[in-house]
Amino acid sequence: MYIGACYYPEHWEEERLEIDIKLMKEAGFTVVRMGDYIWSRLEPWEGEYRFEWLEKIINKLGENGIRTVLCTPTDAAPMWLHKKYPDMLLVDPQGHKIYPGARTACCFNNPVFREYAEKIVYQLVRYFQNNPNIVLYQIDNELGVFPCCCDHCTGKYREWMKARYQTVENYNKECGMIFWSQEISEWDELSIPRKTRKALHPSAVLNFKRFCSDTVIDYCKMQADIIKKWAPHVEVTTNMFGSFTNQNHFELADVLDVASFDIYPKADEAVVYASSRLDLVRSFKKKNFWMLEQQCSQAAFRADNRAVLPGEARMMTYKSIAHGADAIVYFRWRTCRFGAEQIGAGMLRQDGSPNRTYEELSRTCRETEILWPLLKDTTVNAQVAFVFSNDSIWSMQSDKKITKKLNYLDEMIRYYKFFENRNIAVDFVAPGEDISKYKLVIAPMLTIVTKEIAQWLEAYTDQGGCFMASYLSGFYDGHNVVTENYYQGELRNLLGIKVLEWCVAEDGKQNDMSMDGKQYGSDVVNMIVETENAKMVAAYEHNFYKGTPAVTVNQYGKGEAYYVAAASFGEDFYEDLLSKVVHQYVETDEAVRGEGLNIMERTSKEHKIIFVMNHDDREKTVDIKVRHQNLLTGDEVIGKVPVPAKDLLILASRP
Amino acid sequence: MYIGACYYPEHWEEERLEIDIKLMKEAGFTVVRMGDYIWSRLEPWEGEYRFEWLEKIINKLGENGIRTVLCTPTDAAPMWLHKKYPDMLLVDPQGHKIYPGARTACCFNNPVFREYAEKIVYQLVRYFQNNPNIVLYQIDNELGVFPCCCDHCTGKYREWMKARYQTVENYNKECGMIFWSQEISEWDELSIPRKTRKALHPSAVLNFKRFCSDTVIDYCKMQADIIKKWAPHVEVTTNMFGSFTNQNHFELADVLDVASFDIYPKADEAVVYASSRLDLVRSFKKKNFWMLEQQCSQAAFRADNRAVLPGEARMMTYKSIAHGADAIVYFRWRTCRFGAEQIGAGMLRQDGSPNRTYEELSRTCRETEILWPLLKDTTVNAQVAFVFSNDSIWSMQSDKKITKKLNYLDEMIRYYKFFENRNIAVDFVAPGEDISKYKLVIAPMLTIVTKEIAQWLEAYTDQGGCFMASYLSGFYDGHNVVTENYYQGELRNLLGIKVLEWCVAEDGKQNDMSMDGKQYGSDVVNMIVETENAKMVAAYEHNFYKGTPAVTVNQYGKGEAYYVAAASFGEDFYEDLLSKVVHQYVETDEAVRGEGLNIMERTSKEHKIIFVMNHDDREKTVDIKVRHQNLLTGDEVIGKVPVPAKDLLILASRP
Amino acid sequence: MYIGACYYPEHWEEERLEIDIKLMKEAGFTVVRMGDYIWSRLEPWEGEYRFEWLEKIINKLGENGIRTVLCTPTDAAPMWLHKKYPDMLLVDPQGHKIYPGARTACCFNNPVFREYAEKIVYQLVRYFQNNPNIVLYQIDNELGVFPCCCDHCTGKYREWMKARYQTVENYNKECGMIFWSQEISEWDELSIPRKTRKALHPSAVLNFKRFCSDTVIDYCKMQADIIKKWAPHVEVTTNMFGSFTNQNHFELADVLDVASFDIYPKADEAVVYASSRLDLVRSFKKKNFWMLEQQCSQAAFRADNRAVLPGEARMMTYKSIAHGADAIVYFRWRTCRFGAEQIGAGMLRQDGSPNRTYEELSRTCRETEILWPLLKDTTVNAQVAFVFSNDSIWSMQSDKKITKKLNYLDEMIRYYKFFENRNIAVDFVAPGEDISKYKLVIAPMLTIVTKEIAQWLEAYTDQGGCFMASYLSGFYDGHNVVTENYYQGELRNLLGIKVLEWCVAEDGKQNDMSMDGKQYGSDVVNMIVETENAKMVAAYEHNFYKGTPAVTVNQYGKGEAYYVAAASFGEDFYEDLLSKVVHQYVETDEAVRGEGLNIMERTSKEHKIIFVMNHDDREKTVDIKVRHQNLLTGDEVIGKVPVPAKDLLILASRP
């Protein structure tokens, strides 16, 4: 298994290399990541390339069994380039330049910057094309969307929109640009949505967000194409990060061979939130992924940079693996001293001596060596999928909404939590993906539903699937225009309802509803629903729409389609509703169970590897109904087995 | 009576027109408002005008008894014009441009934009000059002040200041520009107050706010002049909105034939706050007004866009009428689908079918048809006036004040509430207006008092009026310079006091005072007063000025002048103080009274129409002492009569 | 003694002068401050100087025994100069200009502005060089740092950095500019840290802050040099203000003859906070200072401008004197009417009549006349010093820190409070100053410790001093780079510890610790410490580092060095820890003591003057063990003597 750390040899004296390699070998490393932010060393003066020093390091590591993930260095242009072309800078919607002096300052649509970026990537990959030690290319670093408003972006945006809408007439009509007289008669009248006095047109906002996402993808593809051409045998990735809301990562993953991720959970995110992110990363390519920055010690970028407690880095490693990571690269090898991440800590102290993290992760590396032979062919097999729609997220980021209180990710987590707590694996899918294998598909706040998306969901349900959507789903068409068909739009047939009206509370106090004789309070929004073919599952208790449905279910073909019309309820509600549904649709394996434990499985045709994680401060007990092998000890286990605090068991089912 | 809705036929297919007209007729419509934001349809290419399509709609509506309020479309310039003249844009005090992509992006002082605006208005009005279906012109839409700092504004500001002060010497002296060495020696050294490192000069701030207000008035007058010239038989208005603090609406109303308003109260504003706004609109021209946007369903611009509850739109309609609206135009006819107001709802659903609002307002339209014959000659007759001084509001918007906690409108509402609760009609007056008819004139926080204003108030009081001012009144002269005459300035004679000092609490805890043996706590400011001719009405209880006056009254000629030296007290205080005064000065009609009811009257020489509104959730009882006619049923009523929850009676006194 | 007020005769009519002088003489004035913000009167047109009017005023005052502090008028350029050179303006990091219209708008590195500033200062000082009435020059007004990003600043910054680092190689290496590829190959690739997308490089931030501080010093020196050349017999100052964190005031004081200060404490700052500021000002030159703006009435710049209560201005005057002020200039003579300070009040009302402040301060002036003969040779003699490190403050202002919750001044005040409460005098010292005379030196959060600073502290401790440092001390080297030597860096020998790790709580709940059997809770940060030679004084109670030291002490030579590893505790902790230490090291004079009294001493070789201040609302008692003279009454006092509420005794010990 590839396991190792992010390594910045250029931050230290050359002679240090040998000691580092010795410590890495002792720790059990098989990989390092290098090369992000070394453009100034690779090309210290324009056109003068210096790769030998890096080659020497890569080879030395290789000779010691440590291979390299090599990053392209394009996230920070060298200062000589900034000096030569001060116009490469990003421009924000108010007209402010983003200056150099940190990272990520250049516009991806700037032709000069692109040319220099292409050149350095080409030179780098050409130079190392036959180097057997390079196991993966990482493109740039944490590529992200910036709403750049420079002239190049304006020009590209016009081309992009023309390609999307063909004619200005189409654009004007489909998006309703007559509103506030924003129709154009030629494409060069189109401008990027910037700082305005009143609210921006939501269709312009959505289209520009799509364009910004495509800008990143296009830039990434430019680099991927070079790498694939000159080093076709090496896989390509880029390290994704964050909450995936600004960028369409499913589409970004299309230009990559493998997905990868950087993870730095806050204390209260370490369980549910982190799981959802890991499932998303695995879902982008529906296969196992690289963890390119697994936090191992204090981070450098938060308001409060908490310590990673003893045992925690090891547990987080297994959480990543359990969710589908096949390679782990810790951030970072040696504690930083200078620059914006100077307070971030690593496995070695600033003076190069190992710290407690080093000890803990050396143990972890040795453990993964034992696990790998069984683990390598396994992955996570989910019966449940969540629809993850960037268009829907972006539609909720328009200036004006029915209420500012709604948040796509929060709504998703309300449902996701149930599955995390029940140890039921979850995939995420982009609209249009093959979902025939799933038993249950949940679409929280799927605001944008085109006819194609509706048909996709209908076909799934028709064949016996269970579909569940929450309020606002179907509200907009593909242009971010409100549907003409009540407020469920294209989902009317599938859900068997009409959504007549929406009610938002100014004071955050909304209606109660009752389901199966139990009451639940909602605090933000109530959609008023009239059933057509659907049946009422829960009813509102107050207000002028008292007695009308708050939850409905519609028999559709061989399947069922649920609609949850209100938000947000306490956890109880999601537990109660989903329990009913899961019970009917999802097969759960009860062979290994335990209260308060986080249990995840990776399976192959032959094996099942079960991670029984105890994130709590106190020992817990796992109930193993069928004989398993404890992979870390080699023992066979059955019956009630203790799981120590902040520790885990890794079990293998017998073939 | 003119009643109808805002209509955007350009948002829908042409063939829809006939169905809309049918539904409007069935609802009882007599008017629609159209044309805001159709510049791109009226002039799709420069100089090529297209009015026929609009004429067809206007005429079709007219043939069906529905007349048109026609808006000039100047609030959103077409994109071809933005492309041709990118310099028309507003510039904020930091130097940021306001970009197109919403509405309201162009500078009213930009000569190119003005020329194009003039042209389109001229063409539009010329074209329709003989069309008998146009009942009113609305200039632009919700004209508002923007502190534009472009070069054209700078130039105009210099001219405006020169006209105001004649010489730089006058300006330097009257405003005290020696402070921080800001004297000028030529007018072209004068600049607009922009982003500075320390606080701006308050005289510069006030003058620039006046200039910005005058800029809007001048722009509005430019359009009004064109309309009056080419369509002299049609009345002209512009739809005011908001809280009237950024713009001098009394002066704006001078260039209009009739005032009009847009109203979207929040849940907690629907009673007192809305009343004060309606009284202000009626007061701008001291006559009945048009309600050009009467909210009928969800708005689109709030953080939380609450539903308008069943019955509420009807009640809000009658509230407007009771306060002097003679025409009601609902916003909007059909629920929006696209653009920045895409979530705003109307009387029809997006698919064109009537919703519950349509049903409710059709009933309302039919009711107004019955009322109109009696209603049409009536208006509101107030015995009480509030002085509304934009200069005073603006003086409180300077960078530096005695405390940031004071707010002009909040202070006004503290007094206004008493009259709303007692069902006593209130007018607002601008300084200098004829106030001889009022029994009581209240000036909350009238900070700017010139010699002319003082004389105006003295003359009023001298003739037997009762005047009441609160703390800070008289603090500044007409240049926003602190008075040299203690802190009551020109009001010294009238109030019979000297204001020695002001005390502000850093922690929001201020002094108590006692009046007639009862205690009241104040939380923000105490003025320390020494009486000259005045008598003490209430005294402070603590601090080094214990025992000095907190409220005074001065006999002045045949009248009295009160001064309330502190802020802010609980509601009790305003109730207790104003009860005493009102009892002496104001005649109240006790013929129709009821606890918890909102009772408003409109009167003519012959009739009195009484609106008995119950905004509560429970039925109330009205006590009718003299026989009246219930206009909605035709019955005669006397004695204790129930008023259903969220409903009203409309009574006519017998001639 | 010099006592008087800030006087703006240019704000009033010329004839007023005589009345003002009469009132000043009656009050006992011996000085006024004039001339800030009169450039437009001194040079109304370019090159045409008008000094006669000012000379007349200065001389008239002088004839009446009132001397003048003359300010250079450079803080507000005249409008004709702004018009002629619109490019003199400051530019902020986002690119916004700071416009004229207030004060402080011009860039100190702009060569045109500097030339004009030099010229006006030269003309002014030349003109008055032989005028015997000028007792002090004040340079500009409240000179402060602005991070100007104009091209001139960029150019100067490059020169400044070159002078500091000599070669780009040095700079790249010492600051670790390889981080995010920010190495430069020529100085003209260097740019000012501005608005970036990610965090700025901390070494760039620190260096730019130093440069900004040096910019102010250089500008001040330019003026000081002119004054010293042409009026060598007159002392030079500039009035410092604020909390001293943006500017290195120790270095600024080097170009001055005497330090001075402006003080406007909020109600809750009047005691501890004000004392620390006064001690700082005295410390800048380690000698008595001028109070150039002693607040006497309402200020003009706060959100809430509270009244100065009766007696308070007198008490604040004595607080200043007790801490080392040898001259008091009240702000301001006459209440302002116009400009940004128009609500600020003075000793006269706007109409020129004396108010209660005038009466109170006249009494104070007469008192100081009595005190001065004894007072004039005295100063404050402190046994305790606090290290005040601007570099450390600035290092904590980098974009990214271990937590945003830490604040240098708050931490300093936690320790300082103990000494204020015990009436123990405190000095502040810059790193490197002679500290051999102090018994105790405290360094709160001394993050930046170079080898030189460490040696300085070692030498002090070695000779028997007691040194105390808190967490983060020694964290960075002189380039704002994290030390390679654990997290105490260069302080390892002195403190006898290694700091292994830092722990920050995301939720603001941190560990407890126990000292001498008592428990104390910390809420922000815990450093994990391993003792080498040091002994544990307190231990953590929880978490994985339970039982490790939270406070340590190291015997070093003849002295001791303490380390407080955590923050922040309740007041108890600082009381308990410092009591132990002070008891051992500091001699306290118990001759005059009293519960709840603020007792400060000024001493000469012959006398000791003791200020016994009662800031409370109730009378207190002072216990005088040795016979003293009550200077205000002339009586001898001994035993228990009452101190009235909001009043003081001033005692002289007998020689």
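In this predicted model, the buried residues of helix α7 of chain C are covered by elements that include α6 (151–165) and α8 (202–230) of chain C. The residues in question, on a helix that spans 168–175, are C:Val168, C:Tyr171, C:Asn172 and C:Cys175. Viewed down the axis of α7(C), these buried residues stay within an arc of 95 degrees, so they line one face of the helix. The other side of α7(C) has C:Glu169 and C:Lys173, both exposed. Just after the helix comes C:Gly176, with a positive phi of about 65 degrees.

Leaving aside residues up to four places away in sequence, B:Gln182 touches B:Met177 and B:His201 in chain B, and C:Met79, C:Gly101 and C:Ala102 in chain C.

The copies use different surfaces, since 2% of the contact residues of chain C recur in chain B.

Turning to chain A, 9 strands make up an open sheet of mixed pairing, ordered β11-β10-β12-β13-β20-β19-β18-β15-β16. At its edges are β11 (426–429) and β16 (518–521) of chain A, each of which pairs on one side only. From one strand to the next, the twist averages 20 degrees. Strands β10 (residues 384–387) and β12 (residues 440–443) of chain A run parallel and are joined by 3 bridges. In this pair, A:Phe386 stands opposite A:Ile442 of β12(A).

Helices pack on this sheet too. Helix α14 (residues 408–421) of chain A touches β10, β11, β12, β13 (466–470) and β20 (559–564) of chain A, and its direction makes about 175 degrees with that of β10(A). Helix α17 (residues 571–585) of chain A lies across β12, β13, β15 (512–515), β16, β18 (535–540), β19 (549–556) and β20 of chain A, and runs at about 175 degrees to β20(A).

Conventions
Residues are numbered from 1 along each chain as its sequence is written. Chains are lettered from A and ligands numbered from 1 in the order in which they are written. This is a predicted model: local features need pLDDT of at least 70, side-chain atom pairs count only at pLDDT 80 or more; totals for chains, interfaces and linings use all residues. Side-chain values use heavy atoms; hydrogens and water are left out. Contact means heavy atoms within 4.5 Å. Buried means under 20% relative accessible area, exposed over 50%, partly exposed in between (1.4 Å probe, protein chains only). Helices (H or I, at least four residues) and strands (E, at least two) are DSSP runs, numbered from the N terminus. The arc is that of the directions from the helix axis to the C-beta atoms. Two strands pair if DSSP finds at least two bridges between them. Axes are lines fitted to C-alpha atoms, for helices over the stretch in contact, and angles run from 0 to 180 degrees between N-to-C directions.
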